[in-house]
Structure formats: C-alpha cells, structure tokens
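Reader: Before we start, I would like to learn how to read the features of a model like this one. Please take them one at a time.

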Amino acid sequence: MLENLLEVNNLSHAFIKANGEEIRIFRNLNFHVGQAEIVAIVGRSGAGKSTLFNLISGLLTPSAGKISLGARPDGRPGSIAYMLQKDLLLPWRTILENAVLGIELQRPVTDADRTRALAMLARYGLESVANAYPHSLSGGMKQRVALTRTLLSDPTVVLLDEPFSALDYETRLMLENDVISLTRTDRTSIILVTHDIDEAIAMSNRIVVLGGRPAKITREEHIVLSVEGDRDAVTARGAREFPVYHKEIWNALRASDVAHAGV
Ligand SMILES: Nc1ncnc2c1ncn2[C@@H]1O[C@H](COP(=O)(O)OP(=O)(O)OP(=O)(O)O)[C@@H](O)[C@H]1O
C-alpha cells in the first residue's frame, strides 16, 4: 500500500534531438502527492513541467524510474485525469455530449452517466446550457465544461496544466475555488502547473519549484495561511503570510535558471 496517492521515484527522462544530442530533462527526480492535497509546480519556461505531466499521465514513458498510483479507499485502482489549458471542446457536440466524452472514450455512455453529468454541470451553474453548443459559452463556462469532463471519469489525481491562464480574474478566482472545494468534497488530489505565483500560493498546500537541467526540486514550501474559516481563493490572498511566501517563491524561481543551474 502506498503512503501517498501518487509517488514518483527516481524518475529519469531524456529527449533525443534530431542531431542525436540528448537533452536530460530529469535525473532521479522524486515527488509525491498525498490524498486531498493540492501541490503546485512552478518553474521557468522549459523547466520540464509539461514533460513531468506527460510522464505521470502515461503519454510519455520514462527512461528510468517508477510512477505509482495509490488505490481508492475501497481498494479499486486509482486513476489520473489530465486537464489542459485549452478547453478542447468539440464544437459539433452539445455541452452535455462534450461532458461525457471522456467516459465515451472508455466505454458506452449510460443514462446514469448522463444524469451524473447533468448534476455536475448544475453544480457549476451550467445546467441551462446542457443542450447548447460550445460557441455560445464564455471562456469561463467552457473551462468549467472541461473541468466537468475531467471529473466525470472519477479520477483520484487531477493534473491541471495552466488551466485558468486564459480567463479573466473573477472567473479565475471562481474556478480556483471550484478546485479547492473538490479536495474537500471528493478528497481528490490535485497537481497544478502554473506560472502565476499568486495562484500557486492561494490554491495549494505545497509548492515545488522545478529548476536546473536536469530539473530537480530546488525548493519546496508548505503553505500555511492564517484565514478565518475555510480558506478560499480570495481569503488566501489576504492572509498576512501571503507576501512572505510570494517573495520566497519568486526568489527561488529567479535562482533556478534552467540554462545554468544544476548542470
Ligand atoms: N518531444 C520533445 N523533443 C525534444 N525536446 C523536447 C520535447 N518536448 C519537450 N522538449 C524540451 O524539454 C524541455 C522541457 O519542456 P517542457 O515543455 O516540459 O517545459 P515546461 O516547463 O512545461 O515549459 P513551459 O512553462 O514553457 O510550458 C524544453 O527544453 C523542451 O524544449
């Protein structure tokens, strides 16, 4: 039995360029995520964040190392869902049909699936547009449909790669709250890649800074914020510790130059 919901042990990965040159992205990287934990990964462009997600989700096979996914409380295997920055909704399918697409790729969609999809769309204020097409929805609404589609497959770990970067500030805060609530209601674990330090601090329990080549974790920060009541995307930003974490993560990012560090 795994201690954590997801464990990455001694992960190594390299790309081979067309000229035969090897680019070592990771060498013996160790990383874990606990149940209902939100871990943010920040790092400069090219640090290897998307590559790490592609390895965790199985889109890429690592050169060496092990990625282990813990079981659900009832013993069934856990599963990973990956949500990208772009909503990738199919324009010719209704919102409901888009929402159940992830299930449809695995098995035939049942009436129970559609009922569950409608309930989840309602949870995100999208019930009235279930039969509409994506073009009639705002960017925030489309991203919520994408989130519904991601969650309908009942994942235990959700990978979010810059999911809210294209959205306006208010919508972004609302979606950040949706994700924070998920960890409370469904005990889902979240790994979030973001370039936005504010978002990383506001949402996560832990931030890891990825830097150097091969990339390693150059800093790890547990985020503890003093807020009244349940922490959310807005109250978190008002916590007195917020600027302190901001400065620390910013300095760690500046120090972890991909081109020069850790070579
Ligand atoms: N298929 C590939 N073949 C060769 N090199 C690749 C491939 N995919 C990624 N790389 C290289 O690996 C490094 C890490 O890329 P990756 O996309 O994981 O970085 P990132 O941290 O997600 O960057 P960004 O923040 O800009 O999205 C980069 O130098 C990139 O050019």
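Author: Begin with strand β7 (residues 189–193), which is mostly covered, as five of its five residues are buried. Strands (E, at least two residues) and helices (H or I, at least four) are DSSP runs, numbered from the N terminus. This is a predicted model, in which local features need pLDDT of at least 70 and side-chain atom pairs count only at pLDDT 80 or more, while totals for chains, interfaces and linings use all residues. Residues are numbered from 1 along each chain as its sequence is written.

Reader: How is "buried" defined, and which residues of β7 lie on each side?

Author: A residue is buried if 20 or more other C-beta atoms lie within 10 Å of its own, exposed if 12 or fewer, and partly exposed in between, with C-beta atoms placed from the backbone. In β7, Ser189, Ile191 and Val193 are buried on one side, and Ile190 and Leu192 are buried on the other.

Reader: Which strands pair with β7?

Author: Two strands pair if DSSP finds at least two bridges between them. Strand β3 (residues 38–43) pairs with β7 in the parallel sense over four bridges, and Val39 has Ile191 as its bridge partner there. Strand β6 (residues 157–161) also runs parallel to β7, joined by five bridges. Leu159 stands opposite Ile191.

Reader: Which residues touch the most other members of the largest nonpolar core?

Author: Such a core is a set of buried Ala, Val, Leu, Ile, Met, Phe, Trp, Tyr and Cys residues joined through C-beta atoms within 7 Å. The largest one here has 62 residues, and Ala40, Ile41, Val42, Leu159, Ile207 and Ile249 touch the most other members. Domain 1 (1–79 + 155–263) and domain 2 (89–154) both contribute residues, so this core lies between them. The domain bounds come from an automatic or database domain assignment.

Reader: What does Val42 touch?

Author: Two residues are in contact if their C-beta atoms, placed from the backbone, lie within 7 Å. Leaving out residues up to four places away in sequence, Val42 touches Thr194, Ile197, Ala200, Ile207, Val209, Ile249 and Leu253.

Reader: How many residues of domain 1 and domain 2 are in contact?

Author: Ten residues of domain 1 are in contact with ten of domain 2. On the domain 1 side, helix α6 (residues 169–185) gives the most, with three residues. That side divides into seven nonpolar, two polar and one charged. Here Ala, Val, Leu, Ile, Met, Phe, Trp, Tyr, Cys and Pro count as nonpolar, Asp, Glu, Lys and Arg as charged, and the others, Gly among them, as polar. The domain centres, taken over C-alpha atoms, are separated by 26 Å.

Reader: Which residues are around the ligand?

Author: A residue is near a molecule if its C-beta atom, placed from the backbone, lies within 6 Å of it. The residues around the ligand are Phe15, Lys17, Ile23, Ile25, Gly43, Ser45, Gly46, Ala47, Gly48, Lys49, Ser50 and Thr51. They divide into four nonpolar, six polar and two charged. β2 (22–33) and α1 (49–56) each supply at least two residues of this shell, and α1 gives the most, with three.

Reader: Where is the cis peptide bond, and which non-glycine residues have a positive phi?

Author: The cis bond joins Arg213 and Pro214, with omega about -5 degrees, and Pro214 is in the loop between β8 (206–211) and β9 (216–222). Asn10 has a positive phi of about 45 degrees and is in strand β1 (residues 6–16). Ala36, in the loop between β2 and β3, has a positive phi of about 60 degrees.
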